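Subject: Structure handover

Hello,

Please find the structure below, with the sequence. My notes on it follow.

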Amino acid sequence: MSTEARFAAGDWYAVVGDRATVLLPGSQRGRVATLWDLADSGASADALLDALLADGLSSLDHFALVAHGDDRTRLLVRGAPTAAVSSAGGDELVSADPGTAWAERLVAGVSSIRVTLTGDAAAEHLLAPGLARVSVVEFGTPAPAAEQATEDVAPALVAEAEAEPEPAVTPEPEPEPQPEPEPEPVAAADPVPEAPAAAPMQFGEPADDPTPTGETPAVADDWSDRDGQTQVGAPAPDFDRPPVPGQEMAPEVVSQPVAALVFSTGDVVAVDRTVLVGRAPEARRFASHDQPHVVTVPSPHQEISSTHLEIRPGAGADHGSAIATDLGSTNGTVLALPGLDVEELKPGIAVSLVPGAVLDLGDGVTIQVTNP
Amino acid sequence: MKDVDLHHGASTDVGLVRKVNEDSYLVAPPVFVVADGMGGHSGGDVASRMVVEEFQRLAEAYDPRRGAELVSDALARAQARIIDYGEAHRALQPGWHAGTTAVAAVLVDDDGVTKWLLVNLGDSRIYRIVDGRLEQVSVDHSVVQELVDSGQITPEEASVHPERHVITRALGSPGGIQPDFFLLPLGSVERLLLCSDGVTGMIEDEEIEEILESVADPRDAADRLVRAAVAAGGRDNATAIVVDVVGLVKDATYDSQRQLESLESKLGGRL
């Protein structure tokens, strides 16, 4: 089958390598960086599966893995995902039976696979190697038969959802319907309770907030600024931190340092995650598992800015080496690469560092790049 | 970690519209928390109180060298409790949800240096005064913030956008939590403000800055902020915590060095 792939936006992660794709719920963000590191380096399906299961199955309720061999396609689904497979041998709907670890198929002559994670949206965006936030992923060219197969997907999911009484059972005899003052099309279109944040949670309405006096708030409906209106919706189909323009998204933490930084102050710091250097550096918007190294350097003449320079493991073409970005410092950063003229870093533009490179931040502070 | 003297003030008000105050806060130096619950009576108020209780536990056995880890654990425990609580309720009342935002500030020991570790989930906010100006440190986890970030709408349009109350991350969300952490040097925070959207949704940043700049006592400053939010309409529960690090000399090494040098030159090198 052609491995051309498309997706519909959602809040699952798709880790897409050349040979295999792993799909994980939004809550598995911690595993994504490791998997991307592997997938990007062309790891096999077995290697990916190994990394996926490294922390055990108990913390991994749902995933899907699609690996493209030369003539056969391997497919694993655990938990909620459902895959509609069309091949020369006919159509099949693959999902894990409750109580089993996962469902696995090795199918020859596959013409298309549609993996449904949440919802049943049309997969209209092209899925390229990298990371994406998805709800449905489709490989190959869907035959009309495949479309038919997908028709079965949504009901199957609903049936699986019986453990969650939420959407199906409404035994409340009270006339009060689920209060829904503002129609929420996403919620209505998404019957899958497993969907983490894709089905916006409707938090308590004003009617849920019985007042001691039984009176309703003396405000009209257009007073919407209360907590009663606050909802949790789906995050945008993207990482939360915008990448440096023109840069591929780097994994936050890599298992092996790509370089070591020897500071003129005597500090030695490994680049296995983002390193921030400055006179009084500030780290912003990091997750608990990717806390940056923050290196404070003295700057008696204030030639060095408070958060001056970022050095982190590179991605894509820079995979395996460290890259440095001047963060818009007042006095700039000078880079000396062995055998080349010194150059001043352009603010916000990352440059690749090779062993032997020296960065000069001013005030006599230099950083020498060495092998880890 | 060096002993740091913190002065602080906190204030909360149910507002003029709501009958239940679903905001909770904790002042247990060096741990400060504001949580804005969602879900109505015995929903949001319980969820926000669970967050405060877990940070209270953290404060009782606090090790500043493990700040980030302990804060993550406290959030994870609160998340687990809120999820359990929600599931117990949903068994009786399908579709019921409780959740809460959280912002917290704790002092941590980062390789022997005391710093502020800040954390955010949802649309409660952390501000600081730096160089005499108000700056929002946290970035809202909300649909409109994402639209602003991607350039689809302006901040002005965000304040009237129909989806301005839809938050993308919260404790109690079944998809799990992804708190944003921030690590700031003490010297870059002249004054710290933690508040719920009942403050920021009612008064402009300019007014917040004016109050934080003009009211010296942090207790009075927190009171003034909450009273201003109520006076502006009080459409939501409003909560504010103001924290000052006492005796803080900004950029101590640089200033003292320069002062010494300039004194030396005035005295003709007699020092």
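This is a predicted model, in which local features need pLDDT of at least 70, side-chain atom pairs count only at pLDDT 80 or more, and totals for chains, interfaces and linings use all residues. Residues are numbered from 1 along each chain as its sequence is written, chains are lettered from A and ligands numbered from 1 in the order in which they are written, and side-chain values use heavy atoms, with hydrogens and water left out.

Salt bridges

Side chains of opposite charge can pair when their charged atoms come close. Taken over all chains, the structure has 27 salt bridges (a side-chain nitrogen of Lys or Arg within 4 Å of a carboxyl oxygen of Asp or Glu).

In chain A, E4(A) is bridged to R6(A), with 2.8 Å between the closest N and O atoms. E4(A) is partly exposed because its relative accessibility is 43%, and R6(A) is buried because its value is 13%. The cut-offs are under 20% relative accessible area for buried, over 50% for exposed, and partly exposed in between, with a 1.4 Å probe and protein chains only. Both residues belong to a network of salt bridges that also includes R114(A), D120(A) and E138(A).

In chain B, E54(B) and R57(B) form a salt bridge with an N to O distance of 3.3 Å. Both residues sit in helix 1 (residues 44-60) of chain B, 3 residues apart, which is about one turn of the helix. Helices (H or I, at least four residues) and strands (E, at least two) are DSSP runs, numbered from the N terminus. E54(B) counts as buried at 3% relative accessibility, while R57(B) is partly exposed at 47%.

D180(B) and R169(B) form another salt bridge, at 3.3 Å from N to O. D180(B) lies in strand 10 (residues 180-185) of chain B and R169(B) in the loop between strand 9 (166-167) and strand 10, so the pair ties together parts that are 11 residues apart in sequence. D180(B) and R169(B) are both buried.

Surface charge

E204(B), D205(B), E206(B), E207(B) and E210(B) form a negative surface patch. A patch is made of residues with over 30% relative accessible area and no salt bridge; like charges are joined within 9 Å, and nonpolar side chains (Val, Leu, Ile, Met, Phe, Trp, Tyr) within 5 Å. Lys and Arg count as positive and Asp and Glu as negative, while His and the chain ends are not counted. The place of a charge is NZ of Lys, CZ of Arg, CG of Asp or CD of Glu. Accessible areas come from the Shrake-Rupley method with a 1.4 Å probe, and for residues only the protein chains shown count as cover.

Aromatic pairs

The search of the whole structure gave 4 aromatic pairs over all chains. One of them joins F63(A) and W102(A), whose ring centres are 6.0 Å apart and whose planes stand at 65 degrees, so the pair is edge-to-face. This pair links distant parts of the chain, 39 residues apart: F63(A) is in strand 3 (residues 63-68) of chain A, and W102(A) is in the loop between strand 6 (90-94) and strand 7 (103-108) of chain A. Rings of Phe, Tyr and Trp (its six-membered ring) pair if their centres lie within 6.5 Å; planes under 30 degrees apart count as stacked, over 60 as edge-to-face and the rest as tilted. F63(A) is buried at 0% relative accessible area, whereas W102(A) is partly exposed at 24%.

Backbone

The peptide bond from P29(B) to P30(B) is cis, with omega near 5 degrees. P30(B) lies in the loop between strand 2 (23-28) and strand 3 (31-38) of chain B.

R285(A) is not a glycine but has a positive phi of about 55 degrees. R285(A) belongs to strand 16 (residues 283-286) of chain A and is buried, with 14% relative accessible area. D111(B), also a residue other than glycine, has a positive phi near 55 degrees. D111(B) sits in the loop between strand 5 (102-110) and strand 6 (113-121) of chain B and is exposed at 80% relative accessibility.

Regards
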